[in-house]
Amino acid sequence: MGLVCSTAQMACLCGSTACSLCCSQCPSCRNSTSTRIMYALMLVLGTITSCITLAPGLQSALQKVPFCTNSSTYVPNSITVDCQAAVGYLAVYRISLIMTLFFALMSVMMIGVKSTKDPRGGIQNGFWAIKYLLIIGGMIGAFFIPEGSFGPTWMYFGMIGGFLFILIQLVLIIDFAHSWAEAWVANYEETESKAWYAALLGATFLNYALSLTGIILLFVHFTKADDCSLNKFFISINMILCVIISAVSIMPKVQEYNQRSGLLQSSVLTLYVVYLTWSGISNSPDKDCNPGFLGIINGNDVTAQNRMAFDKESIIGLVIWFSCVLYSSIRTASKSSRITMTDNVFVKDNGAVQNTGNQSLINNEVEGRSGDAEEGGAKVWDNEEDSVAYNWSFFHFMFALATLYVMMTLTNWYHPNTSNLDTFNSNSASMWVKIVSSWMCMGLYTLTLVAPLIWTDRDFS
């Protein structure tokens, strides 16, 4: 329903007539839901734009941007670069810069908002046409930024932001694992159906089977009998830690305080840790131990270089990213949110109900105007007049980090070569970022298991 309402809000970009026509076909929904999905759609559109700039067919056209040596002389030649190899990556950096600045600005503007009665409420929930025009104009202007040290500097911002988003992503995945297990265990307990029991066993077995297969493949492709000791250490230690957290999840003491704790959650986390391990060692600068890095990015084959941006690791990373963004946008806080402490991420039930006598047409709300509801017209109704359903500032901060994570994912977390800015190299720092993230993932999950044992005075039920 929220997606349908967001489509109606998108129609408002074309004017009130299109908005009214679209609204007449849409059901009513909360503005806290439709607004979050609209921002998610904005983030996805920015990501699609970044992906388009990496298409091999656009490289010759993109080489005419001002910061390239063969472009028109908008900037001094002394700070231009040969963009034959890396123009797509450098374009992704500039698009992500504008998206990040937009969400960061919105985050600062929304600090301390308590309800939509605040004048800033109209900015949060409306003026979509102006927001899109600002972003599009900013993206165009970003291509006039001279290269210089922009690429290496912005890469470090992207790495820090990407790491922070991975932490948020970890919390979302842990919450998803707990919610999934809670729902299926509750269905099994209520119905005592063997189908739900079989589904629990089947999903758990599948996750562990995929994890074991992944670990075997990592040993086969990323290690050698007499070499690659660091890769062996990362794979081995993460495998051991996954076994430990699986054992902790079924300990009698843990199950006493968290009766629905089990192997399903642990299997989901194990599978995600295996992915992080693969993603981390794929960024290893050791070419002998990294089959995915064969010097292609430093070669002269532009088609091969751009194909590197859409390898299996990047695709899986984008799928996980999109799932987490969508999950955080439509998810409502539940019991598992108390354990994972995601009250600032998910929409809370603030007790607001639809008031048919105090509604605004969606086009009036989008443009910040008040008006009378037309009979039979579908509305996006305000459920945050008394209190906001989620932390607006933190929401935008999370999306700013999500933008930086996408930027790093699309560029394979590579490091711009400071001595030759038209190439990107494998990055040992990104390897450590992802490996440390995998350890933090298991630490956070273990904390959710033992928290009821440690803080006995807190209600986790």
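Me: How do you know that the span of helix α7 agrees with what it should be?
Reply: Helix α7 has 15 residues, 128-142, and at 1.5 Å a residue it should span 21 Å. Its end C-alpha atoms are 21 Å apart, so the two values agree.

Me: Which aromatic cluster does Trp128 belong to?
Reply: Trp128 forms one aromatic cluster with Tyr39, Phe102, Phe103, Phe395 and Phe399.

Me: How many aromatic pairs does the structure hold?
Reply: There are 17 aromatic pairs.

Me: Why is the pair of Phe176 and Trp180 called tilted?
Reply: The ring centres of Phe176 and Trp180 are 5.7 Å apart, and the planes meet at 35°.

Me: What makes the pair of Trp180 and Trp184 edge-to-face?
Reply: Their planes are at 85°, and an angle over 60 counts as edge-to-face. The distance is 5.3 Å centre to centre. Trp180 and Trp184 are also separated by about one helical turn, because they are 4 residues apart in helix α8.

Me: Why do Phe176 and Trp184 count as partly exposed?
Reply: Partly exposed lies between under 20% (buried) and over 50% (exposed). Phe176 has 37% relative accessibility, so it counts as partly exposed. Trp184, at 22%, counts as partly exposed too.

Me: What is the average pLDDT of the chain?
Reply: The average is 74, and 66% of the residues score at least 70. For residues 294-300 the pLDDT stays under 50, with 15 contacts beyond four places in sequence in the model. Residues 356-378 are also below 50, and that stretch has 46 contacts beyond near neighbours in sequence. Where pLDDT is low, the predicted coordinates should not be read in detail.

Me: How many helices and strands are in the chain?
Reply: The chain has 18 helices and 4 strands. Of its 461 residues, 52% are buried.

Methods
Residues are numbered from 1 along each chain as its sequence is written. This is a predicted model: local features need pLDDT of at least 70, side-chain atom pairs count only at pLDDT 80 or more; totals for chains, interfaces and linings use all residues. Side-chain values use heavy atoms; hydrogens and water are left out. Helices (H or I, at least four residues) and strands (E, at least two) are DSSP runs, numbered from the N terminus. The expected span of a helix is 1.5 Å times one less than its number of residues. pLDDT is the predictor's confidence in each residue, from 0 to 100. Contact means heavy atoms within 4.5 Å. Buried means under 20% relative accessible area, exposed over 50%, partly exposed in between (1.4 Å probe, protein chains only). Rings of Phe, Tyr and Trp (its six-membered ring) pair if their centres lie within 6.5 Å; planes under 30 degrees apart count as stacked, over 60 as edge-to-face and the rest as tilted.
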